[in-house]
4 protein chains.
Amino acid sequence: MRGLDPRIHVLLEPIRTKEGVDGRDKPGHDGFHVPERDMTHDDLKQTMIWAGKVLVDEGQDDFTRGHISVRVPGDPSRFYMKPHSIGLDEITMDNILTIGLDGNVVAGTAKRHSEVYIHSEIFKARADVACVLHTHPPYSIALSATGRPMKAYSQPGALFHDSLGLYDDTINLIRSPETGAGVARALGPRRAVLLKNHGVVVTGASIEEVVISTIMLENAAMIQMIAEAAGTPAPEFPLADIQKLKHDISRPEQFKVNFDYLVRRAKRRG
Amino acid sequence: MRGLDPRIHVLLEPIRTKEGVDGRDKPGHDGFHVPERDMTHDDLKQTMIWAGKVLVDEGQDDFTRGHISVRVPGDPSRFYMKPHSIGLDEITMDNILTIGLDGNVVAGTAKRHSEVYIHSEIFKARADVACVLHTHPPYSIALSATGRPMKAYSQPGALFHDSLGLYDDTINLIRSPETGAGVARALGPRRAVLLKNHGVVVTGASIEEVVISTIMLENAAMIQMIAEAAGTPAPEFPLADIQKLKHDISRPEQFKVNFDYLVRRAKRRG
Amino acid sequence: MRGLDPRIHVLLEPIRTKEGVDGRDKPGHDGFHVPERDMTHDDLKQTMIWAGKVLVDEGQDDFTRGHISVRVPGDPSRFYMKPHSIGLDEITMDNILTIGLDGNVVAGTAKRHSEVYIHSEIFKARADVACVLHTHPPYSIALSATGRPMKAYSQPGALFHDSLGLYDDTINLIRSPETGAGVARALGPRRAVLLKNHGVVVTGASIEEVVISTIMLENAAMIQMIAEAAGTPAPEFPLADIQKLKHDISRPEQFKVNFDYLVRRAKRRG
Amino acid sequence: MRGLDPRIHVLLEPIRTKEGVDGRDKPGHDGFHVPERDMTHDDLKQTMIWAGKVLVDEGQDDFTRGHISVRVPGDPSRFYMKPHSIGLDEITMDNILTIGLDGNVVAGTAKRHSEVYIHSEIFKARADVACVLHTHPPYSIALSATGRPMKAYSQPGALFHDSLGLYDDTINLIRSPETGAGVARALGPRRAVLLKNHGVVVTGASIEEVVISTIMLENAAMIQMIAEAAGTPAPEFPLADIQKLKHDISRPEQFKVNFDYLVRRAKRRG
């Protein structure tokens, strides 16, 4: 009953690629590698459905706001995306949209999020990105409002060291290809970008990586906000020390192990 | 089981009116338009019942304190209101009171909240208001205690930019037509008013709008309190940028979409 | 199903006394009146059982620490008290102890809390007190650590205006009649006393009053800590204004109305 | 239904030893005594299983990160440990590993945590330690980032007075015997050590002691962060006063009483 659920184990295979994860170690470049896995489209959609439920369990919801997308395997010019008007925990096989890099719906009848261009422009600019998530977590937004950089006051903070852009062109919704391209530029080669006074956009090589690193981003922001409120924190560790940790906790299989755990927990909680 | 519940979809029709939402764009004026919808009184009461459950789920409860009212369709001189002595999640078809603009009970046998005059005086002063809510959310009260204005450090903060009055005549309960009129004056043409060291009063063109914007107000206050505790925040975006966002996220149908989601979630959680 | 549970309504009658509540209005004196109600001892014990469950639901638990007592009706020299080694939500008709004003167990076989002298010494010193509660809520402890007074930055803060003593003789457990008497002296004629860097002791004329005002104390401390972290708050309202509110929200029937609601909610949640 | 569950009562006997708990009173030395109890290995593993569920209930989880170990009764050169890839609430009789002081797996097929050396090196250095726990609680990490010492602003803070080391060699994972030995040195004779910008390591004479004191450490850190954010706290109590409390709340049976309560609560919540 409370033991492991064997069904989830078949969802995804380990996603380390033959080429390794080079690119990651270059300062300020996260260089994801989209895994070459033989995964059916239905498996991928099912993973997106569970991702949504996990994100709500972890407090990443803001009503029906927030959206997740994943590039279609075998067709890098298209992506699956959560529709408008439902919560992240209400994605189903039937309501997932298929969308092109111009932001137009290719398949599906549900309403499209007007901020689709966050996703389409990042998929255009970053061939290494397989998944994009946009949410409104409160501590990350507070960090963006301070205008100060993420510090490595925690291990999750190290994950985002030199990997967190800042988009500060506007507080407005990202409703045009032009502003979407602005977000993609502010993201650059990094893992994530803070939309100042608005929210976060997190990218990765898999749904699992994006969900786990988004939760880690909020955790890191929370710890930084608490530490800074209590006074001036002690200095961070030396750069090389932080970079080594960042490398070690960026391994694809770790994101999957932790994501799978959250899915099992969501299933146990019903 | 976890899919959408089709029953909630019939509760309300989209509430955008023929006249549009003019008035909203004028600085410091929210100019709601009560929608012309063919909604039965029972439907409206049912929406109020779910509003109460959603507000408790979202942490807006303070024991049995806090009260919500909605103007009677077709009779602008009367409103339905939650009674005293029960929680926001205990409103029923039978205990809802019908009250006149003088604050006297017209129909119903339950006890009236002594702060009824918050509602009656706002309904008198603001023909564009269809719903009034008063709650005691902690971050909004802390913001009121700082004496500083709400900043647009988040998108919900933009919703209340130049739309949040401050009532600071007294910390006391609003138990007379005179003090109720004072709250209405401090509200002015705005969406909401902070009662200093006491709570919030939020208004709107529908129950859905008021519930969602009250939750957004507390979210904005939380982000501001976190950011200000961690040091001096960065400057806000330019006024025109904030005003454009405020306009975009004030659309009536968005409040309904998000409210309906919270109702579905409350039903799933049982 | 989600409606009111009629069973709880018979637990207690309204507790306003013939004499009114004079004494309350004198600055720094809360002057409770133990209500003259015809309540069976079993009813009172049942109320204490529900009080414990409500306190855990509201986050007042700290493992098995924390204890509640109520004076035996008709025998002011004895009180019923939660035993050691169980949580506040594990009180039963069988494990409640009967204890004398010397702190010795008169009836019952469960282990006594070594801090029993908080209760016995307050019952000795304050004939107007019918119930004593000691818990370890985090924001109230943080407030005690600041050494600053409770401010009326919220309506619950007004309840404790000039009604909150500070005991700062020791951080240690209150395990002797002498230290218990020290707590009673620091309490004086007030509603509650902060035990510096330790916890709170709250008193009242009924279990209902004590449970609700303890939750209000923590709420007031939370709001004050948030507001002070974000900068220097605005001035409080004038003293007379605060005192009027304090009087209005100290009425015995209000504590009962709100307590009964929390009991109904605990029953609904199972 | 909500009463006590008699089954848990047989898990462990009181663990006060004939020799008392000397060593504890020496400043900066916690001197645990591994209890001489006749406990089966299965009982001990079962206690570890419940410990994991309790830790998740109390918010000590960070995905599948965090690990707990307990020394094998009768064989001080080996310890049982939670495996990699599962949550703290997913430990089972079958997946627990048996590991030697060199960090190598002796029995079991599950994957080992690469940070096993935290455990093996502490077990080597501290014959008095029977249990080691490593977690990532946010307020404790924030405290570590401030670089300031734990203060006795609460009773749990007193438990860690002069009993909390700081490891600041690296932010990295502790993946070698050498770095594990560094953590053991930073721990020294104390109860616990903060791994700066990383997490906590807590030790004790029993699983129960370690679980309860880890929760107390986070509670103490939370209260300190709140108090320091709100301004400069008042001075602590005199050293002798703090040390007396520390002695009184370090008694082994208290940890067991409180742990057993959390287990009963976890069982009631399902």
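At what angle do the axes of helix 2 and helix 5 of chain D cross, and within what distance do they come? I shall take that question first, noting that the model before you is predicted.

Two packed helices are described by the angle between their axes and the distance between the axes. For helix 2 of chain D, residues 116-125, and helix 5 of chain D, residues 177-187, the axes come within 8 Å and cross at roughly 55 degrees. Helix 2 of chain D and helix 5 of chain D are therefore oblique to each other, and their crossing is right-handed. On the side of helix 2 of chain D, the contact residues include Tyr117(D), Ile118(D) and Glu121(D); helix 5 of chain D contributes, among them, Pro177(D), Val183(D) and Leu187(D). By class, this helix contact comprises 9 nonpolar, 3 polar and 1 charged residues.

I turn now to the relation between chains. Chain D is superposed on chain A by a rotation of 90 degrees, with 0.0 Å of shift along the axis and an RMSD of 0.0 Å. The two copies are thus related as by a four-fold rotation axis. Within chain D, Ala229(D) has the C-alpha nearest that axis, at 3.6 Å. The copies use different surfaces, with 4% of the contact residues of chain D recurring in chain A.

As to the interface itself, chain D gives 23 residues and chain A gives 29 residues. On the side of chain D that touches chain A, helix 3 (138-146) and helix 6 (207-229) of chain D each supply at least two residues. Helix 3 of chain D provides the largest share, 6 residues. That side of chain D divides into 11 nonpolar, 10 polar and 2 charged residues.

Notes. Residues are numbered from 1 along each chain as its sequence is written. Chains are lettered from A and ligands numbered from 1 in the order in which they are written. This is a predicted model: local features need pLDDT of at least 70, side-chain atom pairs count only at pLDDT 80 or more; totals for chains, interfaces and linings use all residues. Copies are superposed by least squares on the C-alpha atoms of residues with pLDDT of at least 70 in both. Two residues are in contact if their C-beta atoms, placed from the backbone, lie within 7 Å. Helices (H or I, at least four residues) and strands (E, at least two) are DSSP runs, numbered from the N terminus. Ala, Val, Leu, Ile, Met, Phe, Trp, Tyr, Cys and Pro count as nonpolar, Asp, Glu, Lys and Arg as charged, and the others, Gly among them, as polar. Axes are lines fitted to C-alpha atoms, for helices over the stretch in contact, and angles run from 0 to 180 degrees between N-to-C directions. Angles under 35 degrees count as roughly parallel, over 145 as roughly antiparallel, 65 to 115 as roughly perpendicular and the rest as oblique. A crossing is left-handed if the near helix is turned anticlockwise from the far one by less than a right angle, and right-handed if clockwise.
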